[in-house]
Structure formats: structure tokens, C-alpha cells
Amino acid sequence: MRIDLHTHSCVSDGTDTPAEMVAAAAAAGLDVVGLCDHDTFDGLTAASAAAQEAGIRLLPGIEISTVQDGRGVHLLGYGCRPDDPALSAELAVVRHGRQARIPAMLAALAGIGLPIEDDLLAAMVGESPSIGRPHLADAMVAKGYVTDRSEAFARYLDAGRPGYVRRYATPLELGLDLVRGAGGVAVIAHPWGRGAREVLTGPALARLASEHGLDGIEVDHSDHSAADRGALRGLADRLGLLATGSSDYHGTGKTNHPLGLNTTAAEVFDELRRRIAQRAR
Ligand code: AMP
Ligand code: MN
Ligand code: MN
Ligand code: MN
């Protein structure tokens, strides 16, 4: 069994449609693929239909933008009821925050001589309800300001760079409560990957598990070194957390993240499904 539990489509900042992502997952020899677009469930219906067609299994997911002690933490929710009122309302607030930062980012970029027209940005966003910096990066590529998303982030869009503007994110503990309240399984994405290592220590993860129902952590992710993976796997074992693995595929939006790059053990996936089924009752 080849199981990749965290990918994106153009419903957020990936470049494949949900159906294209699923077809690519089948072509890559995956048996199970998880679609976890940022802060929206909108791709899941199309992805599920495509998975039936392709004869692979889709795990419905989401990647929620949360914050803990001032650090951004990405929270994966698997098997959440997409119509859960409390979770839906919070996701709408997060998506509003994504949109609300854009004028200030465009003004900052224009101020350093990098104007981006509204209609160009809209073309990059397409149908996505969840605008993100990668869409701005794509517009900067189209304008010839940078050669790819990575250069756009490194020079202009990463925190501390001149085009960066903060946005709202859900407090992590609230995010955990909302995922569990919607019947989902809660897994922290790439916990030591991007600036959250200091706040996601062993004791902090233990408390999130015991007090807020954290189910697991993503261990095998390209943001983690071999040493980090070993340490995180040890923590997961000690705390009774599920340890997952994924590619975090973004289509052509991120190089070196091919489907199936990292995978999740079949026993872990089975336990995840068992919990989803149990919480649906
Ligand atoms: P935002 O959602 O607006 O906060 O933008 C963050 C998203 O940008 C992440 O989900 C990543 O997928 C993407 N991202 C961050 N850094 C890079 C990079 N160096 N190259 C390409 N994509 C990136
Ligand atoms: Mn992304
Ligand atoms: Mn992430
Ligand atoms: Mn992701």
C-alpha cells in the first residue's frame, strides 16, 4: 500500500485541479491520497468523484492555518464534516483574513517598483476561495519580476521580506477543538518544519494531545531532516500519537515535492480511518 496523506489542488495553492491531482496520484501508483487544501473543503467533492473513477481511495482533509505563541502552525484535519457550523464559520474568518491582507501586500510591492494589476492576480487565483502568497508569486512570475515561486518568497513574500503582511490564523487549540468537534482526526503538519519547532516541544505536544485531542504529527515530510524525523517518531511513540508521512504535493507550484515522496504506514492509515468512523457515530 502506498499512502500519501497531504496534497494540494488549485482550490488552494496547488496547480492541478482536484481531478488532475487524483489522476496523477493514481498514475504515480498511490493507493490512497489525502487532499488537504488550505482553509477550504471545496475540492473534496470533485476529488472524491475522480478517485472513484481512478480506482484509488481519497482521504478527505484540510490544512488549517493556525497560530501558537506567535508561530504559524499548519493543522491537518481528516474526515471532518464539511458542513459543521462552527468549523465552517472559523474557516470563513481565516479565508477573509487571506483576502484582507492582499491590498496591503499589493501596495507594498508597488511601493518597491513591482506593481501587479488586480486582473492579473485574479487570473492566478482562478476559482480558489483561498487566496495565498503563492498566487501573488505566480503573478510576479507572469510580470517577469522573479523566475519562480521560491524566488518570490525568498526576496519578497517570506515573513520579514518587503512584501509580507501578516494575516489572521486560528489559535491552535481552537483549531484542534473545531476539528474534533467536526468529527475529524487532528494531525499537526510538518511540526518542526517552519519556525514552529520552539513552540511544538515534547511537553507542548503532550498537553495538546491530553487537553485538546491531538491525534498525530506528520513525521515524514521534506521539511524535516533525518534527525528531526527520528526525534519526532520517538516523541510520537512515547505520546501515543499517530506518525504520518506525505509529499505535500503542490503540482508545479513546488519543486521537489512529487506525489509519494513520503508515505504513511498502512497500520497508521487504518487507525486514522477507524477514528474517523468512530467519530461519525
Ligand atoms: P500563505 O498561505 O499565504 O501564508 O502562503 C504560504 C504557502 O506558500 C504555503 O502553504 C506554501 O505552500 C507556500 N510556500 C511557502 N514558501 C514557499 C516557497 N519557497 N516556494 C513555493 N511555495 C512556498
Ligand atoms: Mn501551500
Ligand atoms: Mn503546510
Ligand atoms: Mn500543505
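## The second largest pocket

Four nonpolar, ten polar and five charged residues make up the lining of the second largest pocket. That lining has 19 residues in total. Thr15, Asp138, Arg149, Thr252 and Gly253 are the ones nearest the pocket's centre. Helices H5 (118-125), H6 and H7 each give two or more residues to this lining. The volume of the second largest pocket is about 260 Å³. The model described here is predicted.

## The largest pocket

The largest pocket has a volume of about 1,200 Å³. Its lining counts 42 residues. Nearest the centre lie His74, Arg133, Phe153, Asp158 and Arg194.

By type, the lining of the largest pocket holds twelve nonpolar, 16 polar and 14 charged residues.

## Salt bridges within helices

The count of salt bridges comes to 17. One of them joins the side chains of arginine 155 and glutamate 151, with an N to O distance of 2.7 Å. Both residues sit in helix H7, four residues apart, or about one turn of the helix. Arginine 155 has 38% relative accessibility, so it counts as partly exposed. Glutamate 151 is also partly exposed, because its relative accessibility is 21% and the buried class ends under 20%.

Helix H11 (residues 266-280) holds another pair. Here arginine 274 and glutamate 271 meet in a salt bridge of 2.8 Å, N to O. They are three residues apart in helix H11, so about one helical turn separates them. Arginine 274 is partly exposed, with a relative accessible area of 43%.

## A network and a buried pair

Asp215, Glu271, Arg274, Arg275 and Arg279 are linked in a network of salt bridges.

Are arginine 229 and aspartate 220 buried or exposed? Both are buried. These two residues form a salt bridge, and their closest N and O atoms are 3.5 Å apart.

## A nonpolar surface patch

Which residues make the nonpolar surface patch of about 230 Å²? They are Val93, Tyr168 and Leu174. Leucine 174 belongs to helix H8 (residues 172-181). Its relative accessible area is 34%, which means that leucine 174 is partly exposed.

Conventions. Residues numbered from 1 in each chain as written. Chains lettered and ligands numbered in written order. Predicted model: local features only at pLDDT ≥ 70, side-chain atom pairs only at ≥ 80, totals over all residues. Heavy atoms only, no water. Patch = residues over 30% accessible without salt bridge, like charges linked within 9 Å, V, L, I, M, F, W, Y side chains within 5 Å. Areas by Shrake-Rupley, 256 points an atom, 1.4 Å probe, with all protein chains shown as cover. Salt bridge = Lys/Arg side-chain N within 4 Å of Asp/Glu carboxyl O. Buried < 20%, exposed > 50% of the residue type's maximum accessible area, 1.4 Å probe, protein only. 1 Å grid on protein atoms, 1.4 Å probe; cavity = no way out; pocket = protein on both sides within 12 Å on 5 of 7 lines; lining within 4 Å. Points joined across faces, edges and corners; volume = space filled by probe spheres on them. Nonpolar A, V, L, I, M, F, W, Y, C, P; charged D, E, K, R; others polar.
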